[in-house]
Amino acid sequence: MEFYFLGTGAGMPSKQRNVSSIALMHPKMTWLFDCGEATQHQILYSPIKPRKVSTIFITHLHGDHIFGLPGFISTRAALEGTTRLTIYGPKGLQEWLDATLRVTGTYLRYPLDVIEVEAGQTYEHEGFTITVAALEHRFLAYGYRIEGHQEKGMLLVDRLKEHGIPSGPLYKQIKQSDSFEFEGTLYESADFLGQPKPGVKLAVLGDTTPCEASIRLARGVDVLIHEATFADTETEHAGRFGHSTARQAAGIAKQAEAKKLLLTHVSARYVEQEDHLEREAREVFPESYLMVDHQSVQVKA
């Protein structure tokens with residue numbers, strides 16, 4: 001799996017950064033988190049295929065996070081996307097999309113499901129558990145925690161051979177079942193498997209000031225994605241507009257005991273000064289990395 005950053009700017013596009021959108025690319029599917037204006041243009045210069053996108057998570061309904069959504073879902077249909085697209089987001093998303101598609105006469109050739117989320121809800125989706133929490137912004141905004149299911153350990157082939165169990169279709173059954181039978185003897189599969197592999201844990205947060213909900217969503221994650229709109233000198237300004245500084249984002253990562261922090265949603269005022277934001281974050285949480293458009297980061301538990 002990998003995160004691919006399509007837009008890392010805040011508020012409005014600049015020559016260096018487009019507005020918010022992040023892809024989570026998995027061998028079986030691609031998810032988007034937010035879909036700001038011109039996201040589909042950014043996709044043209046990426047390895048992402050619009051028809052492969054199966055799910056979109058919207059953190060909140062500010063324009064820099066959603067104005068690219070109608071264009072993207074329309075283009076997905078034009079590019080022979082026929083599989084279901086599911087969109088999670090705040091209340092009002094369904095109404096806005098319905099009106100936009102109706103007024104523009106947009107026809108989709110695939111099923112579109114819009115799920116309006118609320119704080120505290122949990123969903124099982126495409127092999128992952130999604131937890132939603134409300135953050136603290138000047139507008140209703142959510143963060144999402146994504147947890148992969150624990151996987152069974154590797155087959156202990158040498159131990160199987162010690163019991164005279166040959167390779168073949170039975171090995172697949174051992175991985176998938178709690179027990180299996182060989183030559184009249186019943187065995188427990190767990191006796192022939194290594195340690196279980198933990199599922200990946202990720203948190204993608206929308207615009208927010210530092211809050212307890214952010215810490216809960218990010219607790220023990222392998223990767224936390226957090227906004228870093230401002231530098232330390234603008235801490236008061238950040239709080240007034242419901243945003244965070246890079247240092248505050250690092251504080252959340254540290255309190256949550258996350259493994260890695262990826263910083264995004266950077267104000268255009270820091271063009272050519274962005275290294276300063278990363279340095280401020282690393283003073284608190286060394287595993288902090290400031291993202292740029294079209295940067296990818298591998299994800300593993």
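This is a predicted model: local features need pLDDT of at least 70, side-chain atom pairs count only at pLDDT 80 or more; totals for chains, interfaces and linings use all residues.
On the α3 side, Leu69, Pro70 and Ile73 take part, meeting Leu93, Trp96, Leu97, Thr100 and Leu101 of α4. Sorted by class, this contact comprises seven nonpolar residues, one polar residue and no charged ones.

Attention now turns to valine 53, which is found in strand β4 (residues 53–57). With a relative accessible area of 0%, valine 53 is buried, because buried means under 20%. Threonine 30 lies 23 residues away from valine 53 along the chain, yet the C-alpha atoms of the two are separated by 4.6 Å. Neighbours within four places in sequence aside, the contacts of valine 53 are Thr30, Leu32, Ile48, Phe72, Arg76 and Leu85.

Histidine 243 sits in the loop that runs between α8 (235–240) and α9 (246–256). Its side chain makes a polar contact, at 3.5 Å, with the side chain of threonine 229. When neighbours within four places in sequence are left out, histidine 243 is in contact with His137, Asp207, Thr208, Thr209, Pro210, Glu227, Thr229, Phe230, Ala238, Gln248 and His265.

Definitions and conventions. Residues are numbered from 1 along each chain as its sequence is written. Side-chain values use heavy atoms; hydrogens and water are left out. Helices (H or I, at least four residues) and strands (E, at least two) are DSSP runs, numbered from the N terminus. A polar contact is a pair of N or O atoms within 3.5 Å; within protein, one must be able to donate a hydrogen and the other to accept it, and residues adjacent in sequence count only if both atoms are side-chain atoms. Contact means heavy atoms within 4.5 Å. Ala, Val, Leu, Ile, Met, Phe, Trp, Tyr, Cys and Pro count as nonpolar, Asp, Glu, Lys and Arg as charged, and the others, Gly among them, as polar. Buried means under 20% relative accessible area, exposed over 50%, partly exposed in between (1.4 Å probe, protein chains only).
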